[in-house]
Amino acid sequence: MIGRLTLAVAAALAATMLMSTTSAQATVAADSGTVRLRTQQILEFQQVAGQVAWRTSAYNRVVNAVWIFYPNGTFAFNTTNVRTDLYPLRGRYQVRGNTVSFSAHNAAAIGGSSAFTEMIGRMDFGARPPVMRLNWASGAGYGAVVNNQRFGSTASSHYAVVLRVSQF
């Protein structure tokens, strides 16, 4: 599986380097076959749900995003300024032709609260340059009982993103 991903990435980046004057950083860890990607350029960033005040933080997380694809069909996603009990986010991927589909989700509970995050996406290495499309959602629920009175609240966010990735 990682062999097909490595070949798809290498072909796409080679074509990108030929078509563009900007240099693409491309290094595949030869000893492990692991493919490491990071955000190169955000093409579209849409906040589908959540408070407007969260948009800038979420955008910065995408700017600093890293995806690591392992030979066993799993991947990890990480970025800056996130909960360490939810990240790195881990999931699975599949390669079909020039397309890599991936999904991951995680949940955590602490005291009277619970939180989740999930990411579902697809990378098209047939596009020149390679493009990643993803939906990234997070949420949390909080609850407490004080003097027999129940209190609770929820918060959630969802972002639809289109970006270019490069290897490192």
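**Confidence, core and pocket in a predicted model**

Over residues 11–31, pLDDT stays under 50, and the model has 27 contacts beyond four places in sequence for this stretch. The structure is a predicted model, and pLDDT is the predictor's confidence in each residue, from 0 to 100. For the chain, the mean pLDDT is 83, with 81% of residues reaching 70 or more. Helix H1 (residues 2–19) has the lowest mean pLDDT among the elements of the chain, at 48. Strand S3 (residues 74–78) has the highest, at 97.

Next comes the nonpolar core. The largest one has 32 residues. Those that touch the most other members are Trp-67, Phe-69, Phe-77, Phe-102, Met-123 and Leu-134.

The last topic is empty space. Rolling a probe the size of a water molecule over the atoms shows where such space is left. In this model the largest pocket holds about 460 Å³ of space. It is lined by 21 residues, and the closest to its centre are Trp-54, Arg-61, Ser-138, Gly-139 and Ser-157. Helix H2 (55–63) and the strands S6 (113–124), S7 (131–146) and S8 (149–167) are the elements that give two or more residues to this lining. Strand S7 gives the most, with five residues. Sorted by class, the lining of the largest pocket has twelve nonpolar residues, seven polar ones and two charged ones.

Note on methods: Residues numbered from 1 in each chain as written. Predicted model: local features only at pLDDT ≥ 70, side-chain atom pairs only at ≥ 80, totals over all residues. Heavy atoms only, no water. 1 Å grid on protein atoms, 1.4 Å probe; cavity = no way out; pocket = protein on both sides within 12 Å on 5 of 7 lines; lining within 4 Å. Points joined across faces, edges and corners; volume = space filled by probe spheres on them. Helix = DSSP H or I, 4+ residues; strand = E, 2+ residues; numbered from the N terminus. Nonpolar A, V, L, I, M, F, W, Y, C, P; charged D, E, K, R; others polar. Core = buried A, V, L, I, M, F, W, Y, C linked by side-chain atoms within 4.5 Å. Buried < 20%, exposed > 50% of the residue type's maximum accessible area, 1.4 Å probe, protein only. Contact = heavy atoms within 4.5 Å.
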